[in-house]
Amino acid sequence: QVQLVESGGDLVQAGGSLRLSCAASGRIFSINVMNWYRQAPGKRRELVANITSGGSTNYADSVQGRFTISRDNAKNTVYLQMNSLKPEDTAVYYCNADITTHMYRGDYWGQGTQVTVSS
């Protein structure tokens, strides 16, 4: 069984920084794209950033230049470095990944980690 576990969410003041981590575990054969999504209260879940197995990245316009996504393929872990945080970055951040096991390829989600940015 594959699991994604996020960590690193916290309460931080505007202008501050946080680093989120998401570790995948289980009988994993390979991981393709890894994504970070977020969902603020009353809003739809939105894609924040993603990274392919080869290291190509993509960012939402709202975080471009402030957030950096990276991954450690040996550790099956994806990171999100968040700098210059704003109150509008407040949300639950979810890790998502396209994972192939020895039997199945599927889309997996973590449980989410809360990021709160105070003004």
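**A tour from the disulfide to the sheet**

Start by selecting Cys22 and Cys95: a disulfide joins the two, with 2.1 Å from S to S. Keep in mind that you're looking at a predicted model.

Cys22 sits in strand E3 (residues 18-25) and Cys95 in strand E9 (residues 91-101), so the bond ties together parts that are 73 residues apart in sequence. Zoom in on the S-S bond itself: the torsion about it is about -80°, so this disulfide is left-handed. Are the two cysteines buried or exposed? Both Cys22 and Cys95 are buried.

Keep E3 selected and bring in its sheet. What is the strand order here? The order is E1-E3-E8-E7, an open sheet of four strands with antiparallel pairing. Look at the edges, where you'll find strand E1 (3-7) and strand E7 (67-72); each has a single partner strand, so one side of each has no neighbour in the sheet. Turn the view to look across the strands: the twist averages 15° from one strand to the next.

Last stop: show the backbone of E1 and E3. Strands of a sheet pair through backbone hydrogen bonds, either parallel or antiparallel. E1 and E3 run antiparallel, and five bridges join them. To pick out a bridge, select Val5 and look across to E3, where its bridge partner is Ala23.

How values were computed:
Residues numbered from 1 in each chain as written. Predicted model: local features only at pLDDT ≥ 70, side-chain atom pairs only at ≥ 80, totals over all residues. Heavy atoms only, no water. Disulfide = S-S within 2.5 Å. Helix = DSSP H or I, 4+ residues; strand = E, 2+ residues; numbered from the N terminus. Buried < 20%, exposed > 50% of the residue type's maximum accessible area, 1.4 Å probe, protein only. Pairing = 2+ DSSP bridges. Axes fitted to C-alpha atoms, helices over the stretch in contact; angles between N-to-C directions.
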